[in-house]
Amino acid sequence: MGKIFSRMGDGSALWLTEDELRQELLAGTEDAADRGKISPLNEDELERLFEICASPQKVVSVEPGHEVVHSFDAGTLKFPLRGGVPVDRLGTVLAHERAFCSDTFEVGHCDYSFKPVKAIIAEERQSMEQIQLNATIPVYYGAMPNLGLYTKPDGPVDNWSELLPLGKIAEAREAQEEALELAVKDIYYVCEAMHEAGADGINLDTVGASGDADFMAALRAVEKLKSIYPEIHIEMGMAGEFVLGMHGGLEYDGIRLAGLYPHKQLQLAEKAGVDIFGPVINTKSNMSVPWNIARACTFVKACSEIAKIPIHPNAGMGVGGVPVSSTAPLDAISRASVALIEIGKADGL
Amino acid sequence: MSEKEIIASAIEAIIDGNEEKALAVARQAIELKLDLMAVLNSGFSEGIRQVGNLFERGEKFLPELIEAALIMEKVTDILNEAIMKEKATGIEKKGTMVIATVEGDVHDIGKGIVISMVKTQGVNVIDLGRDVSTDAIIAGALEHKADIIGTSALLTSTISQQKKLEDELRRRGLRERFKTIVGGAPVTQKFADKIGADAYAEDAAEAVVKVLELLERSKA
């Protein structure tokens with residue numbers, strides 16, 4: 001067998017011998033096991049991963065009957081805004097439903113954060129109603145907690161990114177605690193309005209992007225929403241593989257949030273009332289795609305083994321083993337997707 | 001207490017974020033007339049490097065990292081004063097680095113961590129901010145007589161600015177005047193080699209090592 005075509009985590013081409021490929025897979029799973037303090041993949045799983053990564057086909061797929069559903073984040077942003085296709089949100093949803101055969105879709109505002117949506121909630125409700133009248137697939141409304149928007153100059157709270165370098169740690173922590181209270185109110189306000197406007201589900205996306213207080217705000221908002229609307233369907237997608245400790249001392253249900261890896265994040269999301277959990281495993285651009293895929297599968301498997309709710313790992317640019325490049329290469333994204341389903345036992349993507 | 005034990009205590013104090021202990025260790029090292037540069041470099045600085053590694057693994061968090069850097073500053077002041085008395089000269093700054101997040105990119109958490117870590121190693125670090133144009137970066141480097149220009153880019157759409165900086169330095173005949181180091185999530189060693197940067201660092205801990213190497217090279 002000649003060398004196997006693969007890629008680096010930045011999308012550049014790479015050719016590996018069989019031995020090298022096996023070593024990459026082993027090193028990837030061991031790295032995840034070491035960091036997450038979880039079990040590495042076993043020999044059978046590594047062998048199957050080898051087959052997936054070594055396939056000479058450009059695109060790989062699962063066997064018929066093993067397909068999984070897809071949920072989306074930043075759904076209506078990707079086609080018209082990032083792709084530059086001049087179509088509105090309704091057109092984007094219908095294109096995904098009728099041309100791309102999407103299982104679900106997500107509507108979001110271009111600011112994609114709960115705080116700015118608050119001011120235009122009436123228009124967002126109207127758009128959701130219009131979309132619901134036309135679409136058949138479940139349509140979510142999604143946005144990010146984005147705690148940074150509550151800091152000066154964008155918001156009323158002191159900016160912890162400025163306080164921390166000055167050594168004002170207590171003040172920085174206080175500012176984050178203040179911001180998270182404001183975020184809980186805004187997330188609740190927007191989600192309640194969109195739920196009543198007919199959204200089939202709510203997607204709290206990129207949770208934890210501003211650190212542990214961001215994650216805390218999302219958990220608390222979910223808890224509050226579920227207590228008043230037990231039937232509301234909530235998906236939570238994370239921002240990174242471990243919760244960044246910008247505060248460092250916040251606890252939910254007695255568990256410190258900073259530094260939690262996906263399987264621990266999942267357990268808190270379940271406690272808060274989340275219905276679908278989207279773990280994120282960062283792609284390392286200077287390691288190979290097989291290394292990244294093995295690593296992602298190890299973390300996702302640790303989630304699937306203990307999950308009581310469906311797991312939809314993020315498999316897109318820069319996460320889930322998919323390279324960090326402007327356009328994700330199809331060979332890599334299909335391998336990552338199959339691996340996350342077959343080895344990670346993901347319920348969806 | 002032997003020098004070896006003092007060094008081990010210095011590392012431990014920084015990792016634990018124990019200011020009282022760190023200052024006591026520094027004072028003890030002075031009283032015992034130990035090699036203070038060794039205590040600083042192999043003890044306290046090593047502690048900071050280990051904190052950086054723990055942060056990168058999600059086992060230490062930002063406030064702890066900042067706390068450790070602040071303790072390090074206080075320790076350095078004490079040791080510096082003692083060295084000045086002893087040798088009538090202080091711990092010389094190892095060099096000057098300007099650092100910026102490139103134009104079009106406002107992500108600066110990583111840059112802030114790099115600054116905190118590199119400063120602890122006796123490097124004069126000037127933060128030029130975020131979303132900084134190539135012209136402003138070069139002007140900043142000239143103004144501060146920098147040895148190193150560091151740039152960070154988090155987006156695949158902004159890493160081209162790091163290449164633009166290399167090209168612009170070459171175009172203005174300034175390339176040999178500065179060492180350059182690049183970092184950021186989409187940046188790789190391969191990319192750094194391709195654009196002609198002098199160094200690439202994956203994280204803050206590696207940035208410290210690479211910056212010190214670059215300063216050595218620029219003196220050689």
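Here is a short chat about a predicted model with chains A and B.

User: New to this one. What kind of model is it?
Analyst: It's a predicted model.

User: Okay, let's look at where the chains touch. How many residues does each chain bring to the contact?
Analyst: Chain A brings 28 residues and chain B brings 21 residues.

User: And how much area gets buried between chain B and chain A?
Analyst: About 2000 Å², with carbon and sulfur atoms giving 56% of that. On the chain B side, Arg57(B), Phe61(B) and Pro63(B) supply 29% of the area that chain B buries against chain A, more than any other three residues.

User: How many salt bridges are there between chain B and chain A?
Analyst: The count is 2 salt bridges. In a salt bridge between the two chains, the side chain of Glu202(B) meets that of Lys284(A), at 3.0 Å from N to O.

User: How many residue pairs are in polar contact between the chains?
Analyst: There are 7 residue pairs in polar contact, counting pairs with both residues at pLDDT 80 or more.

User: Which elements of chain B give two or more residues to that side?
Analyst: Those are helix H3 (36-56) and helix H4 (62-87) of chain B. H4(B) gives the largest share, 6 residues.

User: Switching to chain A. At what angle do the axes of helix H3 and helix H4 cross?
Analyst: In chain A, the axes of H3 (residues 75-82) and H4 (residues 89-98) cross at roughly 105 degrees and come within 9 Å.

User: Where does Pro153(A) lie?
Analyst: Pro153(A) is in the loop between strand E4 (139-143) and helix H7 (160-163) of chain A.

User: Over in chain B, what's the phi of Asp131(B)?
Analyst: Phi of Asp131(B) is near 55 degrees, a positive value in a residue other than glycine. Most residues other than glycine have a negative phi. Asp131(B) is found in strand E2 (residues 123-132) of chain B.

Methods: Residues are numbered from 1 along each chain as its sequence is written. Chains are lettered from A and ligands numbered from 1 in the order in which they are written. This is a predicted model: local features need pLDDT of at least 70, side-chain atom pairs count only at pLDDT 80 or more; totals for chains, interfaces and linings use all residues. Side-chain values use heavy atoms; hydrogens and water are left out. Contact means heavy atoms within 4.5 Å. Buried area is the accessible area (1.4 Å probe) that two parts lose on being put together, summed over both. A salt bridge is a side-chain nitrogen of Lys or Arg within 4 Å of a carboxyl oxygen of Asp or Glu. A polar contact is a pair of N or O atoms within 3.5 Å; within protein, one must be able to donate a hydrogen and the other to accept it, and residues adjacent in sequence count only if both atoms are side-chain atoms. Helices (H or I, at least four residues) and strands (E, at least two) are DSSP runs, numbered from the N terminus. Axes are lines fitted to C-alpha atoms, for helices over the stretch in contact, and angles run from 0 to 180 degrees between N-to-C directions.
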